[in-house]
Amino acid sequence: MRRFPRLIFLGALLLAGARAGADGLPDLGELERVGLSPQTERRLGERYMQEIRRDPAYFDDPEVAAYIGQLGQRLAAHVEGGHPSFEFFVVKDAVLNAFAMPGGFIGVHTGLILAARSESELAGVLAHEISHVTQSHLARSFGKQSQAQLATLLSLAVAALAARNNPDVAVGAALAGQAAGIQQQLNYSRDFEREADRLGLGLMEQAGFDARGMVSFFERMLQFGRLYENNAPGYLRTHPLTTERITDMENRVAQRPYRQVADSEEFGLVRAKLRAQEGAPADAVADFATQLREHKYLSEAVVRYGYAHALLRHNRLAEAAAEVSILRRLKLESPLLETLDAQVRMRRADMQAALQILRAGAQRYPHARALTYAFIDAQLAAGDAPAALAGTQRELQLTPGDARLFAMQAKAYALMGKRLQQHRAQAEAYLLEGQLGAAVEQLELARKAGDGNFYEQSQVDARLRELKQRKAEEMRRRH
Ligand SMILES: [Zn+2]
């Protein structure tokens with residue numbers, strides 16, 4: 001769990017190195033990119049993401065991920081001139097933080113999602129991060145670097161990445177020493193902060209959020225930072241927050257008409273689910289029970305939904321099932337209730353009921369990706385590999401770039417004893433996660449499996465040749 005901050009530090013390393021080399025203030029009017037091309041930025045970001053996806057702190061919950069993704073895309077849709085791609089992801093960490101990496105990858109800590117008091121507050125942080133990306137603040141920080149310095153920084157970063165998977169203490173210690181020094185310097189410049197605030201507020205308005213949410217959240221963070229000086233939230237260390245910045249934001253917001261924006265039900269449900277995962281299971285259960293007893297809530301359904309998740313986690317299955325029944329009576333209508341219901345049934349060993357709920361749910365909410373995953377997972381758990389396989393094939397026609405579906409497909413083939421197809425699907429899953437080496441290994445295994453026909457065998461050969469070539473090109477680029 002605590003390994004994760006080292007990755008964050010890598011981003012810091014790149015930023016800090018750039019800052020050391022830059023003299024004077026960056027020209028904010030300058031629109032052309034300097035230092036790094038968008039392609040290089042994206043490649044760099046993808047390299048971080050490969051590591052992050054394998055990190056235990058990477059929060060792989062498709063419902064939470066889908067919610068953050070939708071919220072982020074709703075804001076990103078209003079970026080002037082458009083931006084090729086954004087990817088939002090969640091990190092399981094109680095520290096209040098959010099960060100933008102090169103190439104449009106934006107991470108949000110669970111702690112920050114839980115600390116937001118309204119959806120507009122959460123949207124405010126995302127809008128701010130999106131603006132750091134669209135304004136190429138990272139690339140512009142690199143601007144005054146020579147290519148040689150840049151290369152050194154990059155190789156340091158890559159060495160540090162490698163060190164995480166290689167218990168070479170000497171390398172680790174040397175890097176840790178540098179990290180301590182560099183981390184002190186990490187932050188965006190004040191001009192970049194102001195620019196991200198200004199553009200972020202614009203995005204929020206256009207996307208229909210209450211721009212005051214950004215101000216109130218940052219204001220609270222500033223107060224919090226004063227209280228805990230040396231333990232300030234991670235966010236404040238990378239995004240210097242001053243009273244002046246808050247006043248700037250307040251002035252901008254004051255000129256706009258007041259706008260009351262209700263939170264979506266999903267915002268409440270996702271936060272309740274996260275809260276149910278926090279701390280000891282018994283404490284989470286007790287916390288929701290207190291809220292229910294004291295009627296301390298805006299929505300009873302949201303609290304009961306969290307309560308059911310906490311009970312499930314605490315292995316109190318009958319009580320969890322009772323809460324689901326109440327949620328049905330309260331007429332909570334959400335794909336999140338369907339997956340919860342199915343999960344409770346599965347834990348109570350009622351596989352048939354779980355499958356029925358998921359089948360009906362997937363028909364009712366065809367766009368709820370997490371529900372589809374849960375349905376295919378349940379089919380696999382029930383041993384119905386052909387149905388699971390058909391499900392993945394159908395879904396992959398709609399979203400061919402979905403690594404999770406390929407991984408499920410590999411499991412289905414494994415259950416059916418089709419080894420060539422199993423490794424072939426697993427190779428595609430790895431490839432989509434950016435793990436080229438692992439993908440090549442899987443194709444080698446597929447080749448040796450010996451249970452495919454001539455046609456399948458030659459497909460594997462062709463794909464293997466293609467990936468090996470790609471790997472060689474990548475090696476050349478790195479040297
Ligand atoms: Zn910032």
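1. Among contacts in the protein chain with a separation of 6 or more, 66% join residues 24 or more positions apart. Two residues are in contact if their C-beta atoms, placed from the backbone, lie within 7 Å.

2. This is a predicted model: local features need pLDDT of at least 70, side-chain atom pairs count only at pLDDT 80 or more, and totals for chains, interfaces and linings use all residues. Residues are numbered from 1 along each chain as its sequence is written.

3. The protein chain has 24 helices and three strands. Both are DSSP runs, numbered from the N terminus: helices are H or I, at least four residues, and strands are E, at least two.

4. Of the 479 residues, 42% count as buried. Buried means 20 or more other C-beta atoms within 10 Å of the residue's own, with C-beta atoms placed from the backbone.

5. Strand β3 spans residues 105–109 and is mostly covered, with five of its five residues buried. Phe105, Gly107 and His109 point one way, Ile106 and Val108 the other. In a regular strand, side chains alternate between the two faces of the sheet.

6. β3 pairs with strand β1 (residues 87–91) in the parallel sense, over five bridges. Strands pair if DSSP finds at least two bridges between them. Phenylalanine 88 stands opposite isoleucine 106 in β3.

7. Strand β2 (residues 98–101) runs antiparallel to β3, joined by four bridges. Here phenylalanine 99 stands opposite glycine 107 of β3. β2 and β3 form a hairpin with three residues between them. Glycine 103, in the turn, has a positive phi of about 90°.

Definitions and conventions. A residue is buried if 20 or more other C-beta atoms lie within 10 Å of its own, exposed if 12 or fewer, and partly exposed in between; C-beta atoms are placed from the backbone.
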